[in-house]
Structures are given as structure tokens and as C-alpha cells.
Amino acid sequence: MSAELWNSAVRVLDTNWAGDHMVPSRRLYPHQWSWDAAFIAIGLAYVNPTRAWRDLRSLFEAQWPDGRVPHIVFDPATAEADYFPGPAFWNVPAYAGRAARGSTGIVQPPMHAIAAWEVYRHAAAHGANCAQEARTELEWLYPRLVAQQRYLTTDRNLGRGGLAGIVHPWESGLDNSPAWDEAMANVPADLALLSQYRRRDLDVSHAAHRPTDLDYSRYVGLVLSYRAGGYADDGLLDRHALAVECPAFNSILASAELALAQIAGVLGLAAESATHRDRAGQITTAIVKRLWNPATGRFHALDVKTGKLTPANCVSGLLPLMLPDLPAELVEAIMAEMRSERFGLPVPSYDRTAADFDTMRYWRGPVWINVNWLIRRGLLVHGFRDEAEDLRAAMVRLVHRNGHFEYFHPTTGEGLGAPTFSWTAALSLDLLADRSVPAYSKAG
């Protein structure tokens, strides 16, 4: 099984390489996506570390002057008609010597420092030449990764509580998660926008697998709102309909600081390494203070505009398990939730017992390999090695039996969404090759 899965994963990554970056999947996602690039690089490092570094570098070459890393970098060779919302819709101005309309104006979870550290670890094992290339790439990426973190912890500290706020569900990576339902209900929904701006995802994927038209009309409206303000964050709470603090996004933000501490150590920046560790601790404290609900015993997303925690019980609430400084009683609470009938392994994107649990619709029930990969990382951080191995084996079986799909039916395992999906392939390589524990693990 291992050799067969390995070879099929390599074929997917070869198929989706676009010269200087990887596309998530050729038909549905023909450009470069931000957090996809991070997950992809982690697996690509085993078979082609030069491409792994190139993918990350290609993404960060599109970084904005304020430090934000756009959630899509557009391939100019792809026609506007081949993807919506495309470059003309976002209408991003020229910046930092880049042509106008080259990217979107929103972000995605900052997985990139974690990816850079993992690529460095694995690429260095390829020999002296790869080790030197890896250090050179870390030196180039490090200040850009720091700038990304600075943007998210300052300009995006919308609630002034020490966490990054997201201003569009797409920024979470968990696009149509029930975690956003209450906040999104306050966003105007103008279905007429879909007459003016036609969805193209339904041309190549099943409508039952994708966000609804109502969701999509709100997504379009939020982009138009942010675009109208020049994608500026000053005063955003007063003029934009959505601002949410996500436990998954901010757990990744804190974990990125821990990865930057490792990178700074390799680069001989001891003082900066200590600063990154301190920031990780500060973000962890803020996550507990702002996103933990003692009444439910769970982490939830916070609507910054209303000050209310969402009632939805989503996979995003399990992601603080990644944090080594999470209080022990909260670790146990997450573990109890994960072991319950509401979730189980592999972990679905939403509470299985919820009345609106949907086995096929995107982030409202299906199983995703990337978030399960992050959960496995959390299990290892806190010493739950048996469950981490059970989850690893379950993910490997799921992909081997059903293929490298975007996501999977939480009961049958059927592949859903886009086929030949890059991060599923890349993370399969990592699951097959690496059973080590993160360097900052509580368990050592």
C-alpha cells in the first residue's frame, strides 16, 4: 500500500506543477493558493525540495508591502473566464513592482513558517547541496514570514485582544463552515450579484458539494466591500460587515511563531528566537481568554462585531490542540470532544450529531486531510502518540482507498470535490515518511 500511495501522490504533484508554482487541482483551482502552497511544500520536500522552495518563494514574491500574503496569486496565463472570482473582479492595484490584478486582497491561515521549517528539516536530509539550498531559502523567507506575522498581529488585531481577525470566510480556509453562520447572517445577501458575477465552480463540480448561492452572494458582497475601501484595515469594523476571530486561524498563527523560533535558531538569531516563543505564548493566552467557552467546554469562533461566540461546534475548535502551552484541562477537554460521537477519527469538519450536519457540502461535514494533519500534530505535541498513529493510519487508508480528493464523505470515505488534489497528495507523502514529534512538543 505504501509504495502504491507514494507513487500516486508523486504523480499528482507532477501533474499539478505549473512551472514555478503548484495549483491545487487543474480544473477547479487553476491559480496558486496560499495555505495550499504551505501544505504542498511539506510533502513536496521529500521528492523535489527545489520545487518546494520555489512554490513558497513564488507565493512570497507576491507579498504586499504591509506584509499580507494574498490568498490567491493569479497565473497570468489563465484566462479571466476560467476562474471566478478572478483578477478583474478583485482589481488589486499594482504594488511592490508587481503588475495590477496579480493577486487577491485577502489572506489565508499563516501556515508558511511551519511549512518552511518542515521543508528545511526534510530537504536538509537530501545531502549537502540541498542543505545549503535550504539555509539560503530560509534566509530569504525569514524576514518575509516575520512581516506576515506582524501584519496579522497588528493590522488585523481588529478586536484589540491580541488575536488576528478575519474579514471574509475565505480567509479562514474553512469557507462555508457553520462557525460563520451567525456572523454571516448579518451580512447582506444580494442574490442579484450572481447574475452580474457568475459562479464558475459549479461548471466543474457538483452543486451539492459546494457552498450555496446564498453563501456565495455574501462572499461576493464582502469582497466588494473590502475592495471599495482599497483593502485597507483602518476603521474596518465601522464599514465592513464581517470580523471574526477563528480558533484554527489563531492556533496556526501561534504555531507559526514557534516555527519561526526554530528558524531563527538555525539562522543564529537567538534573541529573535526567544521573542517568537514569547509571542506564541501571548497568542495562546489570548485564544484561551477570548475563544474558550466554559459553558460548553469548547473553543468557538468570536464575532468581533457583536462580541458573541458562535454556538457551532466545528473542527476549528479542536485546532488549539496544536499549542504546547495550552492548559492541561483544556487539552483534556479537546481530547474528550474528539473521542466523542460528535467527532471521532478521522475528524469531520463539523459535529456529526448536529441537525444540519451535511456529509457532502464542503466544510459542513466532510473530512479534510489538511486539518486532520494539523490535529495529528497536536496529538503529538501533547504526547497522545497512540491516537496520533491511529489518525495517521486512518488518513493513509482513506486516501489509498478513495484517491487524492479534495475532501471525503465522513461515513463512506467517498472522494468529494476536486480530484488529483495537491495537498492531499503532498500530505500523504508526509504521513508515509515522517512520524517524528514537533520540536516544541510537551512530550519531548
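This is a predicted model: local features need pLDDT of at least 70, side-chain atom pairs count only at pLDDT 80 or more; totals for chains, interfaces and linings use all residues.

Colleague: How are helix 2 and helix 3 oriented, roughly parallel or roughly antiparallel?

Modeller: The axes of helix 2 (residues 34–47) and helix 3 (residues 49–60) come within 7 Å and cross at roughly 165°. Angles over 145 degrees count as roughly antiparallel. Helix 2 is therefore, relative to helix 3, roughly antiparallel.

Colleague: How many residues in the contact of helix 2 with helix 3 are nonpolar?

Modeller: Helix 2 contributes S34, A37, A38, I40, A41, L44, A45 and V47, while helix 3 contributes P49, R51, A52, D55, L56 and L59. Of the residues in this contact, one is polar and two are charged, and the number of nonpolar ones is 11.

Colleague: Which hand has the crossing of helix 1 and helix 18, left or right?

Modeller: The axes of helix 1 (residues 2–15) and helix 18 (residues 422–433) come within 8 Å, at an angle of roughly 145°. The crossing of helix 1 past helix 18 is left-handed.

Colleague: How many charged residues does the contact of helix 1 with helix 18 have?

Modeller: On helix 1 the contact involves S2, L5, W6, A9, V10, V12 and L13, and on helix 18 S422, A425, A426, S428, L429, L432 and A433. By class, 11 are nonpolar and three polar, and the number charged is no residues.

Colleague: What separates the end C-alpha atoms of helix 11?

Modeller: Helix 11 (residues 213–228) has 16 residues, so at 1.5 Å a residue it should span 22 Å. The separation of its end C-alpha atoms agrees, at 22 Å.

Notes:
Residues are numbered from 1 along each chain as its sequence is written. Side-chain values use heavy atoms; hydrogens and water are left out. Axes are lines fitted to C-alpha atoms, for helices over the stretch in contact, and angles run from 0 to 180 degrees between N-to-C directions. Helices (H or I, at least four residues) and strands (E, at least two) are DSSP runs, numbered from the N terminus. Angles under 35 degrees count as roughly parallel, over 145 as roughly antiparallel, 65 to 115 as roughly perpendicular and the rest as oblique. Contact means heavy atoms within 4.5 Å. Ala, Val, Leu, Ile, Met, Phe, Trp, Tyr, Cys and Pro count as nonpolar, Asp, Glu, Lys and Arg as charged, and the others, Gly among them, as polar. The expected span of a helix is 1.5 Å times one less than its number of residues. A crossing is left-handed if the near helix is turned anticlockwise from the far one by less than a right angle, and right-handed if clockwise.
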